[in-house]
Amino acid sequence: VGGGLTGVELAAELAEKLGPGAVTLAVGPTLPRRGSYPGDPGAGLLPGFRDTCNQPLRNLGRGGVERYARTWLARAGVSILKSWAVPPPADSTLGAKAALPGARPRTPTAAARPQCARSWRDVGSGEVLDGDAAWERAGPEADIRADAVFDCRGIRPTTRQTYTRYRSNPDTGLRVSSFGLPAGVVGGGGWLRVDGRFRLSRPAAAGGAAGGAG
């Protein structure tokens, strides 16, 4: 999972070892907001390389890196998934028990796979604000069948997992979650917004300044 340098290299290595049809590389959809600079189309495969976009400069706009990698992977029999692949919630694996104390057990999916494999799901190409919720909505029919999953998405913040608290509703017996950070302080990708003094900060309103929280 992940279409950067690490994901592409690992997919190529596995394809050479396992043969055609054995590897799926989930890179996500092409979206402008995934771009790194003006004109970058935000491709999921090798994002951020200048020669993957339509730049009018010499040697740019020809898709050299992305095109070469895509062609090579296709010839090697690697399937490229251009939609979001999300992992299961922290308390949901192929094991028989929930991983977090107090969490409700979930029904294991794709039980034929080894217990070490996590049940990632294809949640489509739309906006994904909460991976856990998207995973739940997709349901078992969206399971990505795999013997092993390698997460090559790079460094990712665990903001939601760290600041989410769970309690049991005494009336229904169901688990209820609450997010313990002020609204607006979590930015793109789950990173926290801070001001110049590293205090939590909300985005600036039109014509105003951002407010900080101590």
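Guide: The side chain of Arg121 reaches the backbone oxygen of Gly139 at 3.3 Å. Keep in mind that this is a predicted model.

Visitor: Where is Arg121 placed?

Guide: Arg121 is in strand S4, residues 121-122.

Visitor: Why is Arg121 called buried?

Guide: Buried means under 20% relative accessible area. Arg121 has 3%, so it counts as buried.

Visitor: How do you know that Arg121 lies over the face of Trp135?

Guide: CZ of Arg must be within 6 Å of the ring centre and within 35 degrees of the ring normal. Arg121 is at 3.6 Å from the ring centre of Trp135. The distance test is passed, and Arg121 is listed over the face.

Visitor: Which residues of helix H3 are buried?

Guide: Ala134, Trp135 and Ala138, in the helix that spans residues 131-138.

Visitor: Why are they said to be on the same side of H3?

Guide: They cover an arc of only 100° around the axis, which puts them on the same side. In general, an α-helix has 3.6 residues a turn, so residues three or four places apart point the same way.

Visitor: What covers the buried residues of H3?

Guide: The cover includes strand S3 (85-86) and S4. Just after H3, Gly139 takes a positive phi of about 80°.

Visitor: Which other residue has a positive phi, although it is not a glycine?

Guide: Phe198, at about 60°. Most residues other than glycine have a negative phi. Phe198 lies in the loop between strand S6 (175-179) and strand S7 (200-201).

Visitor: Is Phe198 buried or exposed, and what makes it so?

Guide: Exposed means over 50%. Phe198 has 71% relative accessibility, so it counts as exposed.

Visitor: What about Gly77, and why is it called partly exposed?

Guide: Its relative accessible area is 23%. Gly77 sits in the loop between H2 and strand S2 (79-81).

Visitor: Which residues does Gly77 contact, leaving aside neighbours within four places in sequence?

Guide: Pro20, Gly21, Ala22 and Val23. Gly77 and Val23 are 54 residues apart along the chain, yet their C-alpha atoms are separated by 7.5 Å.

Visitor: Which members of the largest nonpolar core touch the most others?

Guide: Val8, Leu25, Leu45, Leu73 and Val78, out of 13 residues. Helix H1 (5-18) and helix H2 (64-75) each give two or more residues to this core. H1 gives the most, with four.

Visitor: What does Val78 touch, not counting residues up to four places away in sequence?

Guide: Ala11, Ala15, Val23, Leu25 and Leu73. Another core lies apart from the largest one. This other core has six residues, among them Leu81, Ala85, Trp120 and Ile144.

Visitor: And the whole chain: how many helices and strands does it have?

Guide: Four helices and eight strands. Buried residues make up 32% of the 214 residues.

Notes: Residues numbered from 1 in each chain as written. Predicted model: local features only at pLDDT ≥ 70, side-chain atom pairs only at ≥ 80, totals over all residues. Heavy atoms only, no water. Buried < 20%, exposed > 50% of the residue type's maximum accessible area, 1.4 Å probe, protein only. Polar contact = N/O pair within 3.5 Å; in protein donor to acceptor, adjacent residues only side chain to side chain. Core = buried A, V, L, I, M, F, W, Y, C linked by side-chain atoms within 4.5 Å. Contact = heavy atoms within 4.5 Å. Arc of directions from axis to C-beta.
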